[in-house]
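This report covers confidence, strand pairing, nonpolar cores and salt bridges. Please look over the sequence and the model below before reading on.

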Amino acid sequence: MIWPIFISPFAFVGAWLFDRRRRVYADLGTTPAAAVYAGRNEVKGRAWHPQPLRSHLTETPSVMWTYRLEEERQHTRTVSSTDSKGHTTTRTETYTEWHEIDAKSQARPSVHVVDDTGAVEVVVAKASVSPRSTANEVFRKGERKGFFERLVSFDNSTGRYRQTETAIAIGDALYVVGDASMPEGSAVPQIDHGSPFIVSTR
């Protein structure tokens, strides 16, 4: 049997890549916010900004937020299949799918990550960001009187809608991994690049 001969090298490479990624974080000690230095840093703290935004749906004070409204629509498609004897049959299937009908977002270019020692500025505009969910709701058109007056519903709409919102809210716990540098004209480092460069609420 020759399958293990082919699988083993791929399994080895996959395990090596996974372990390499794990060591990027496991071998990196947490740096206090006030002691961030030029180079690689891991920081944990709370999100803060002197001029927070208000999220669209929940009005949560935030550093950044995204909002999405979707409409569920019904579609049909023709599916053909051939059996073992070469006979082809055709049938029509009905299915539903969500379609985006509105989207909004706002973001500050940076966030202050605060811990017991102080704060460090993190440029979230350049990072891979994992916000948290602040709203996820499915409802029917009749349940939101006046909400849909400005929207056009398609004939194949099921009448169901979904609105979701994500955000990095003021006070959220943040986990940051990235490289710090000294901005021109400043003696205070900021985390603004790296590979990977992560800002996460998880």
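A residue is called buried under 20% relative accessible area, exposed over 50%, and partly exposed in between (1.4 Å probe, protein chains only). At 8% relative accessibility, Glu72 therefore counts as buried.

The model is predicted: local features need pLDDT of at least 70 and side-chain atom pairs count only at pLDDT 80 or more, while totals for chains, interfaces and linings use all residues. Residues are numbered from 1 along each chain as its sequence is written, and side-chain values use heavy atoms, with hydrogens and water left out.

The pLDDT (the predictor's confidence in each residue, from 0 to 100) averages 84 over the protein, and 80% of the residues score at least 70. Helices (H or I, at least four residues) and strands (E, at least two) are DSSP runs, numbered from the N terminus.

Strands pair if DSSP finds at least two bridges between them. S1 runs antiparallel to S10, with eight bridges, and Arg46 stands opposite Ala173 in S10. S1 also pairs with S5 in the antiparallel sense, over three bridges; there Trp48 faces His112.

A nonpolar core is a set of buried Ala, Val, Leu, Ile, Met, Phe, Trp, Tyr and Cys residues joined through side-chain atoms within 4.5 Å. The largest has 19 residues, of which Val122, Ile191 and Val199 touch the most other members. Strands that each supply at least two of its residues include S1 (39-48), S3 (61-82) and S11 (190-200). Another core, of seven residues, lies apart from it and includes Leu53, Trp65, Tyr161 and Ala167.

The structure holds ten salt bridges, each a side-chain nitrogen of Lys or Arg within 4 Å of a carboxyl oxygen of Asp or Glu. Three of them are listed here.

| Salt bridge | N to O distance |
|---|---|
| Asp179 and Arg40 | 3.1 Å |
| Arg68 and Glu70 | 3.6 Å |
| Arg160 and Glu72 | 2.9 Å |

Asp179 in strand S10 and Arg40 in strand S1 are 139 residues apart. Asp179 is buried, with a relative accessible area of 19%, whereas Arg40 is partly exposed at 21%. Arg160 in strand S9 and Glu72 in strand S3 are 88 residues apart; Arg160 is partly exposed at 27%. Glu70 is buried at 3%, and Arg68 is partly exposed at 37%. Arg68 and Glu70 belong to a salt-bridge network with Glu100 and Arg162.
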